[in-house]
Amino acid sequence: MSAETPRRIVLLRHAKADWSQESDHERPLAERGRKDAPAAGHWLAGAGITPDLTLCSTAARTRETWKLVVGELPQRPRTVYEERLYEASLGELIALLNETSDDVSDLMLVGHNPGMHALADALAGEVEGDLLSRMNRSGFPTSSIAVLTFTGSWKSVEHGVGRLDAYWAPHA
């Protein structure tokens, strides 16, 4: 693939987690999260989105979300469980994107707020319709998905490089 290949970034916030006695990293999904995650996968499948690679936080709630989402997809993408996604700052998330091989055209991140929302907002230099205002009004709730596209190398990802093409949330 050339550096001018169109690329897609799919950002998925984990589904609703339970407030258990577990450490934050080990919190499981709540009942609502176990219902919303497959709905997110169903939306992705209906939109024709199956990433080449998924980077998923190592937190229990993100791993459980991904397991329920991927069950709705027509094929399972290569998945890497990435510790750096847990509690990642905006700068750390952009650094992860910059490390992605140019062999990957569609990349999904399964992570946490405030990082997923901040990344979607920061990358969206162009927007389809009122998607950005809808996304920002909603606060990027659990199980939300933002889909951004850009052209170029992953090493060139920076603020404003992308176009926000889709935003979905299960209860919005």
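**Figure 1. Burial and overall build of the predicted model.** Of the 172 residues of the protein, 51% count as buried, where buried means under 20% relative accessible area, exposed means over 50%, and partly exposed covers the range in between (1.4 Å probe, protein chains only). This is a predicted model, in which local features need pLDDT of at least 70 and side-chain atom pairs count only at pLDDT 80 or more, while totals for chains, interfaces and linings use all residues. Residues are numbered from 1 along each chain as its sequence is written, and side-chain values use heavy atoms, with hydrogens and water left out. The protein has five helices and seven strands, taken as DSSP runs (H or I, at least four residues, for helices; E, at least two, for strands) and numbered from the N terminus. Along the sequence they follow the pattern β-α-β-α-β-α-β-α-β-α-β-β. The radius of gyration is 15 Å, close to the 16 Å of the globule rule for 172 residues, so the protein is as compact as a globular protein of that length; the radius is taken over C-alpha atoms, and the rule is 2.2 Å times the number of residues to the power 0.38. Along the principal axes, the C-alpha atoms fill a box of roughly 45 × 30 × 30 Å. The accessible surface comes to about 7,800 Å², with 48% of it belonging to carbon and sulfur atoms; areas come from the Shrake-Rupley method with a 1.4 Å probe, and for residues only the protein chains shown count as cover. Among contacts (heavy atoms within 4.5 Å) with a separation of 6 or more, 76% join residues 24 or more positions apart.

**Figure 2. Trp43 and Trp168, an aromatic pair.** Rings of Phe, Tyr and Trp (its six-membered ring) pair if their centres lie within 6.5 Å; planes under 30 degrees apart count as stacked, over 60 as edge-to-face and the rest as tilted. By this rule the count is three aromatic pairs. One of them, Trp43 with Trp168, is stacked, at 6.1 Å centre to centre and 20 degrees between the planes. This pair links distant parts of the chain, 125 residues apart: Trp43 belongs to helix 1 (residues 31–46) and Trp168 to strand 7 (residues 162–168). Trp43 counts as partly exposed because its relative accessibility is 21%, whereas Trp168, at 17%, counts as buried.

**Figure 3. Phe140 and Tyr167, a tilted pair.** The ring centres of Phe140 and Tyr167 are 5.8 Å apart and the planes meet at 45 degrees, so the pair is tilted. Here too distant parts of the chain are linked: Phe140 sits in the loop between helix 5 (131–138) and strand 6 (145–151), Tyr167 in strand 7, 27 residues apart. Phe140 is buried, with a relative accessible area of 0%, and Tyr167 is buried at 6%.

**Figure 4. Arg27 over the face of Trp19.** Arg27 lies over the ring face of Trp19, at 3.7 Å from the ring centre. A charge sits over a ring if NZ of Lys or CZ of Arg is within 6 Å of the ring centre and within 35 degrees of the ring normal.

Figure 5. Leu93 belongs to helix 3 and is buried, with a relative accessible area of 0%. Setting aside neighbours within four places in sequence, Leu93 is in contact with Leu85, Ala88, Gly115, Met116 and Leu119. Leu93 and Gly115 are 22 residues apart in sequence and 7.4 Å apart in space, C-alpha to C-alpha. Helix 4 (residues 115–123) is mostly covered, with seven of its nine residues buried; among them are Gly115, Met116 and Leu119.

Figure 6. Most residues other than glycine have a negative phi, and most peptide bonds are trans. Glu87 has a positive phi of about 60 degrees, although it is not a glycine. Glu87 is found in the loop between strand 3 (78–82) and helix 3, and is exposed, with a relative accessible area of 62%. The peptide bond from Asn113 to Pro114 is cis, with omega near 10 degrees. Pro114 has its place in the loop between strand 4 and helix 4.
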